[in-house]
Amino acid sequence: ERPRQQQGGGNQQSTSSSNSQSNANSQSGLNSQASTATTSAISIPITAPVGGVQFTQPPQTAAASFYKIASSQLITFGWNLTSLFITPSQLTVSAFCSANGNTYPVGPTDGVIPGTATQVVWGPYSYQTAHPQQPLIIASYTLQVMDAHGLTGIPAPGRFAANSEMTFALYKPQTYTPLASWTCNGCSGASLSAVAPPVVISLIVTFFAMLLGGWGVLRRR
């Protein structure tokens, strides 16, 4: 019976050794995972500039562009991604109109595009046709490009910051009016009366100039 007890103790020692080896392997795996996570982390210098977009079409420094709301008239907004250490998964592009307080999605996918995109093509006429309850108006608009943090996100080095520095205007072409039916809104009687006094004054001055000139000739004779 005693040899049997010794054999049982040996089994316990073997099991303990096996558990210790298993724990060591588990710890080694955790250390390996931690090392991998540390290696894949992105280090952003605190002096890095804030990332975002720089408009190239139309140029951000140009005056506001005017675009026509008409069939087959497409608008292309283009930009470069700058100073990004971390690229957002997606961007949202919209047009804000301060005249009516409405915000309109820009692009064929309700304004949501991949974070690596460098342009968006928008058809205002198609949007207007599909959304009669919120029509576009003749006014100025501000183009807004943002990531998941929206317009109120706090700018940080190397990360995307929202941009709302691009302005543009939309207009609608007027229907053809025959010349016989056309009226001049600025050609009223009031405007003519406002022009008359200067004309009368100039005639009076000319008359007196001629009179004085003639009187001088007569005195020489």
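The structure is a predicted model, in which local features need pLDDT of at least 70 and side-chain atom pairs count only at pLDDT 80 or more, while totals for chains, interfaces and linings use all residues. Residues are numbered from 1 along each chain as its sequence is written, and side-chain values use heavy atoms, with hydrogens and water left out.

Strands here are DSSP runs (E, at least two residues), numbered from the N terminus, and two of them pair if DSSP finds at least two bridges between them. Five bridges join strand 1 to strand 3 (residues 75-82) in the antiparallel sense, and Gln-57 stands opposite Gly-78 in strand 3.

The aromatic side chains come next. Nine aromatic pairs are present in the structure. Rings of Phe, Tyr and Trp (its six-membered ring) pair if their centres lie within 6.5 Å; planes under 30 degrees apart count as stacked, over 60 as edge-to-face and the rest as tilted. One of the pairs, Tyr-104 with Tyr-141, is edge-to-face, with 5.9 Å centre to centre and 65° between the planes. Tyr-104 lies in strand 5 (residues 102-105) and Tyr-141 in strand 8 (residues 139-146), so this pair ties together parts that are 37 residues apart in sequence. Both Tyr-104 and Tyr-141 are buried, where buried means under 20% relative accessible area, exposed over 50%, and partly exposed in between (1.4 Å probe, protein chains only).

Tyr-141 also pairs with Phe-168: the ring centres are 5.6 Å apart and the planes are at 15°, so this pair is stacked. Distant parts of the chain are linked here too, as Tyr-141 in strand 8 and Phe-168 in strand 9 (residues 163-171) are 27 residues apart. The relative accessible area of Tyr-141 is 1%, which makes this residue buried, and Phe-168 is likewise buried at 1%. A single aromatic cluster brings together Tyr-67, Phe-77, Tyr-104, Trp-122, Tyr-127, Tyr-141 and Phe-168.

Which residues of the largest nonpolar core touch the most other members? Among its 27 residues, they are Phe-77, Trp-122, Tyr-141, Phe-168 and Leu-170. A nonpolar core is a set of buried Ala, Val, Leu, Ile, Met, Phe, Trp, Tyr and Cys residues joined through side-chain atoms within 4.5 Å. At least two residues of this core come from each of strand 1, strand 3, strand 4, strand 7, strand 8 and strand 9. Beyond its neighbours within four places in sequence, Phe-168 is in contact (heavy atoms within 4.5 Å) with residues including Tyr-67, Phe-77, Trp-122, Tyr-141 and Leu-143.

Ser-94, in strand 4 (residues 90-97), is buried at 6% relative accessibility. Apart from neighbours within four places in sequence, the contacts of Ser-94 include Thr-103, Tyr-104, Thr-142 and Met-146. Phe-66, in strand 2 (residues 65-68), is exposed at 62% relative accessibility. Not counting residues up to four places away in sequence, Phe-66 touches Ala-169 and Tyr-171.

Most residues other than glycine have a negative phi, and most peptide bonds are trans. The peptide bond from Gln-57 to Pro-58, however, is cis, with omega near -10°; Pro-58 is found in the loop between strand 1 and strand 2. Ser-72, in the loop between strand 2 and strand 3, has a positive phi of about 65° and is exposed, with a relative accessible area of 71%. Ser-83 has a positive phi near 55°, lies in the loop between strand 3 and strand 4, and is partly exposed at 34% relative accessibility.

Methods:
Helices (H or I, at least four residues) and strands (E, at least two) are DSSP runs, numbered from the N terminus.
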